[in-house]
Amino acid sequence: MSSETVSQLRERIDDLAMRLLLADAAGGNAPDETEQVYGALARISEGARQAGWAETARLAGSLVGSGASPDALRDGIVRLQEVLEEDCRRAGPPPAAANPLAVDAELLGDFVMEAKEHLTGIEQQCLALEQDPGNAEAVHSLFRGFHTIKGLAGFLELGSIQEVAHEVETVLDLARNAELLITPGVIDIILESADYLTRGVRVVESTPAGRPPSAFDDPTPLLERVRSLATASQETPADSAAEASADTVVTPEPAESQLSPAAEARAQPAVAEAPAPAARGETVRPAAKQPALKKAAETATVRVDTAKLDYLMDMVGEMVIAQSLVRHDPLLSKNTEPNLLRNLSQLTRVTSEVQRTTMAMRMIPIGLLFNRMARLVRDLSRKAGKKAELETSGEDTELDKTIAEELADPLMHMVRNALDHGVETPEERIAAGKTPTARVRLAAYHHGGQIVVEIGDDGRGLDRERILRKAIEKGIIENGDNISDTEVFNLIFEPGFSTAEQVTDVSGRGVGMDVVRRHIQKLRGRIDVESERGRGSRFLLKLPLTLAIIDGLVVGVGNSRYIVPIYTVREIFRPTDDNIFTVRGKDEMAMVHERLLPVVRFYKRFAVKPTHEDPCQALMIVSESNGKEFCLMVDELLGRQEVVIKSLGETLKNIPGIAGGAILGDGRVGLIVDMNGVFGNGDE
């Protein structure tokens with residue numbers, strides 16, 4: 001029973017006792033007054049029954065209609081008050097009311113977002129501090145991160161999160177005041193604490209709206225390890241600590257930041273820049289605040305639901321289609337009125353600008369994704385007994401938020417493979433004339449209207465002969481004759497393929513690279529592989545800028561129009577009789593740059609009537625599917641157009657070779673071609 005119900009019952013009984021006293025002072029109870037008393041008792045009995053107070057409900061009910069004298073009624077009311085208090089004592093104190101802030105969905109959502117930003121910064125600064133223990137700014141940044149999370153968690157009464165953040169904050173305060181040396185063991189515990197907070201944030205994020213977060217993991221073992229750091233620093237003699245920390249003296253910084261939590265989180269640098277190590281006895285002071293910090297603090301931001309952004313993107317796509325229809329309307333094309341043409345040109349410019357701005361709203365820098373890999377490289381290299389450093393470039397390159405989220409798992413798997421298969425042990429690298437520390441490289445850049453994400457290492461590279469041997473053993477290929485390096489390297493993407501001699505908890509089960517390729521293809525991208533034995537490997541993930549709009553070539557096959565994504569096109573040519581060959585009387589091949597490529601006749605694949613059946617009168621589009629090049633035969637090339645992708649619905653979504661639809665400039669619907677589905681859709 002809630003405390004509010006107890007208060008209400010007490011108030012009703014007190015009011016009833018007062019009414020009887022007033023009636024007695026007025027000279028007795030009138031019949032209507034008695035009925036009112038009975039009515040009040042009936043309501044008290046019903047309220048107590050619904051709340052589960054059985055004795056109170058029974059006694060109040062027994063007084064209703066009892067015909068008792070006024071004195072007996074007054075005695076019954078006094079007894080009723082006593083029974084209610086006895087019921088309260090038996091039930092114990094009422095449960096504490098839930099903190100209304102802890103069930104506020106908006107506040108919890110803000111906490112999750114703020115905490116995630118700070119935890120990302122904490123991980124980055126830990127890695128920077130590990131590279132340079134004298135990085136004072138990294139220590140200050142870590143302190144600010146845990147301090148802010150502690151304050152937010154305390155505000156929402158998230159006890160476990162608050163306690164862990166508080167204890168780590170205490171340890172970092174000792175480090176700021178040169179009372180604790182930063183060692184790899186200290187950083188391990190800080191990262192372990194950050195992992196605990198990350199799990200706690202996930203619990204808060206997954207809690208249904210209107211409910212307080214469920215129980216967190218027991219933090220006691222972790223808290224003991226964190227507190228042991230502070231205890232060890234206090235047991236160290238002051239003069240010894242001062243002497244030991246002569247190389248690294250960290251200047252304390254005020255705990256309270258002048259920035260708001262959101263602005264402070266956004267103000268942290270994406271990748272920590274480690275300053276040069278200080279000379280012995282030199283005091284390391286925080287780096288001067290960069291202008292970017294002030295700019296980040298002054299930048300106003302608004303949080304918008306991604307569903308609203310998706311809807312806005314759809315509406316902008318509809319606007320682009322409508323503008324294209326107006327522009328290509330036959331009635332307007334005949335009109336040469338200067339003002340009308342000028343207004344149409346202005347409409348085109350504004351529409352393009354709105355489309356570009358809307359796309360930019362969903363773009364995020366890929367550096368956020370790269371930063372997550374730094375921790376992975378650190379942990380896996382230490383676990384495998386290897387030395388590896390992560391090098392990144394192009395962190396400011398932006399791509400669609402959806403693509404970035406979908407890219408996280410494939411990228412993580414490929415980095416794991418690079419560390420497990422590609423990178424050698426320090427002894428092996430020294431024997432091969434290399435430095436003991438391997439380099440794992442992540443880079444991103446624009447190329448040909450696409451985003452290229454590069455994952456590379458300077459390890460042992462791919463072993464062509466070993467890959468061929470495994471592929472033949474598994475029956476993937478019959479023999480390795482006349483197979484190019486590119487085709488051999490693409491065998492690693494076959495389902496179940498692995499060259500690992502033994503299975504580890506990192507990789508080697510053969511259940512990864514085929515999934516990676518399917519994932520990238522789902523994003524309308526492709527993977528290119530480059531490798532040199534003993535020198536390392538490079539994997540190039542080529543992805544579109546966005547999943548909503550595609551740049552394509554409009555081709556004609558008979559009376560139908562199709563859109564071929566331009567990123568799948570290698571070249572276009574019109575063949576001659578000397579270019580076309582038939583192998584074994586069945587397979588049609590085209591000679592392209594001294595290579596024979598299979599020919600796929602588009603009209604046969606989709607059962608449409610073509611304009612040309614003679615290849616010499618048609619066009620050949622050279623494309624690639626799963627590392628194998630082929631030629632797609634179409635009737636004509638109608639132009640290049642940027643189109644908005646539209647779903648074909650549940651009924652038509654699984655047609656092999658078709659990725660979706662789009663409305664062309666003349667109002668007709670064109671189907672978007674999936675080149676992987678076209679080439680892999682059975683025999684002609």
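Visitor: Over how many bridges do strands E6 and E7 pair?
Guide: E6 and E7 (residues 450-457) run in the antiparallel sense. Strands (DSSP runs of E, at least two residues) and helices (DSSP runs of H or I, at least four) are numbered from the N terminus. Two strands pair if DSSP finds at least two bridges between them, and E6 and E7 have eight.

Visitor: What kind of model is this?
Guide: Residues are numbered from 1 along each chain as its sequence is written, and side-chain values use heavy atoms, leaving out hydrogens and water. Local features need pLDDT of at least 70, side-chain atom pairs count only at pLDDT 80 or more, and totals for chains, interfaces and linings use all residues; this is a predicted model.

Visitor: Which residue in E6 is the bridge partner of Leu390?
Guide: Strand E4 (residues 388-393) runs parallel to E6 (residues 438-447), joined by six bridges. The residue we want also stands opposite Asp457 in E7. The E6 partner of Leu390 is Val440.

Visitor: Is Thr56 buried or exposed?
Guide: Thr56 is found in helix H3 (residues 54-63). Leaving aside residues up to four places away in sequence, Thr56 touches Ala48, Leu80, Val83, Leu84 and Asp87, where contact means heavy atoms within 4.5 Å. The cut-offs are under 20% relative accessible area for buried, over 50% for exposed, and partly exposed in between (1.4 Å probe, protein chains only). With 0% relative accessibility, Thr56 is therefore buried.

Visitor: How far does helix H8 reach from its first C-alpha to its last?
Guide: H8 takes in residues 184-206, which is 23 residues. The expected span is 1.5 Å times one less than the number of residues. Quite a few of its residues are buried, including Ile187, Leu191 and Ala194.

Visitor: How many residues apart in sequence are Arg378 and Glu130?
Guide: Their side chains meet in a salt bridge at 2.7 Å, N to O; that term means a side-chain nitrogen of Lys or Arg within 4 Å of a carboxyl oxygen of Asp or Glu. Arg378 sits in helix H16 (residues 367-383) and Glu130 in helix H5 (residues 105-131), so the pair ties together parts whose separation is 248 residues.

Visitor: Which helix holds Arg227?
Guide: The side chains of Glu163 and Arg227 form a salt bridge of 3.0 Å, N to O. This pair links distant parts of the chain, 64 residues apart: Glu163 is in helix H7 (residues 159-176), and Arg227 is in helix H9.

Visitor: Which residue makes a nonpolar surface patch with Met319 and Val350?
Guide: Patches use residues with over 30% relative accessible area and no salt bridge, joining like charges within 9 Å and nonpolar side chains (Val, Leu, Ile, Met, Phe, Trp, Tyr) within 5 Å. This one is about 200 Å², with areas from the Shrake-Rupley method and a 1.4 Å probe, counting only the protein chains shown as cover for residues. The residue asked about lies in helix H15 (residues 338-361). It counts as partly exposed because its relative accessibility is 33%, and its name is Val354.

Visitor: What percentage of the chain's residues are buried?
Guide: The chain has 24 helices and 20 strands. Out of 684 residues, the buried part is 43%.
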